[in-house]
Amino acid sequence: MAVDTAEKTRSLNDVLSLNPLDAKGLLQTFSFVGVWVIMFVETGLLVGFFFPGDSLLFLAGIASSPIAKDIVGLTLPLPLMLVITPICAIAGAQVGHWLGARYGRRLFARPDSRLFKREYVDKAEYYFNKYGPAKAVVLARFIPIVRTFLNPVAGVLEMPARTFFIWNVVGGILWTDGILLVGWGLAKQIIKVIPPNKIDNYIIPVTLLIVVISAIPVMIEAGRGYTDRRRSRAAATAPRDQVSQASRRDEV
């Protein structure tokens, strides 16, 4: 009985001392249930923006590979991860949209603190207005913090629930299953390059690389936007240039 109590106390202490930014620690402590809960909270509740969604998905993908034990220390069922994980992310985003539609801008009416900053909301609204509702909902999935705040912002700005749901499903599947499959596919390559006993030293750099890779769709879209703006400016100035040239000819 004393042994059971000591074990429970030790487990409780491990949970309480867990760093919420430590993706590997979260995965080892809570397994697939932790992944699903964090997917829901990060995309649905304003308090979840600090969770390491990208790195957690990447490690969960590795944990679903045949060599999961060597790298992460546990094994997750890949088919279940590919089905349940996007459902949790989609459900969380729908809750975020509902909160925004239900409570409006007063949902964000709080002073800046160490965690909440008004600039997070402004950035989400910027992406919403810049790319339009559909693209913004999909692209926001690949941008930490923005993916948390854009969903309620979409509700505040009265994006129809049906339209939001369609693009939420698209973005949720692309983001979760995409990064899961990247982790699963790269697991064998990682173990060939990095010895298992040194994996922990490379977790942060690798996950940062994954964050950069996951942001590629946003970078591509930003590049297209820049090109479109240049073309628009060129088209707008062309008639003025032609008028100027014609005036000079008339003067001659």
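Q: Why is Arg 105 called partly exposed?
A: In this predicted model, Arg 105 has a relative accessible area of 42%. Buried needs under 20% and exposed needs over 50%. The value lies in between, so Arg 105 is partly exposed.

Q: What makes Arg 105 and Glu 125 a salt bridge?
A: Their closest N and O atoms are 3.0 Å apart. The cut-off is within 4 Å, so the pair qualifies. Arg 105 lies in the loop between helix H5 (78-103) and helix H6 (118-131), and Glu 125 in helix H6, so the bridge ties together parts 20 residues apart in sequence.

Q: Why is Glu 125 called buried?
A: Glu 125 has a relative accessible area of 18%. Buried means under 20%, so Glu 125 is buried.

Q: Why is the contact of Arg 147 with Glu 42 called a salt bridge?
A: The N to O distance is 2.9 Å. Arg 147 lies in helix H8 (residues 146-156) and Glu 42 in helix H2 (residues 23-44), 105 residues apart in sequence.

Q: How do you know whether Arg 147 and Glu 42 are buried or exposed?
A: Arg 147 has a relative accessible area of 3%. Glu 42 has 0%. Buried means under 20%, so both are buried.

Q: What makes Glu 42, Asp 54 and Arg 147 a network?
A: Salt bridges link these residues. Arg 147 also meets Asp 54, at 3.0 Å, N to O. Asp 54 sits in helix H3 (residues 53-63), 93 residues from Arg 147. Both Arg 147 and Asp 54 are buried.

Terms used:
Residues numbered from 1 in each chain as written. Predicted model: local features only at pLDDT ≥ 70, side-chain atom pairs only at ≥ 80, totals over all residues. Heavy atoms only, no water. Salt bridge = Lys/Arg side-chain N within 4 Å of Asp/Glu carboxyl O. Helix = DSSP H or I, 4+ residues; strand = E, 2+ residues; numbered from the N terminus. Buried < 20%, exposed > 50% of the residue type's maximum accessible area, 1.4 Å probe, protein only.
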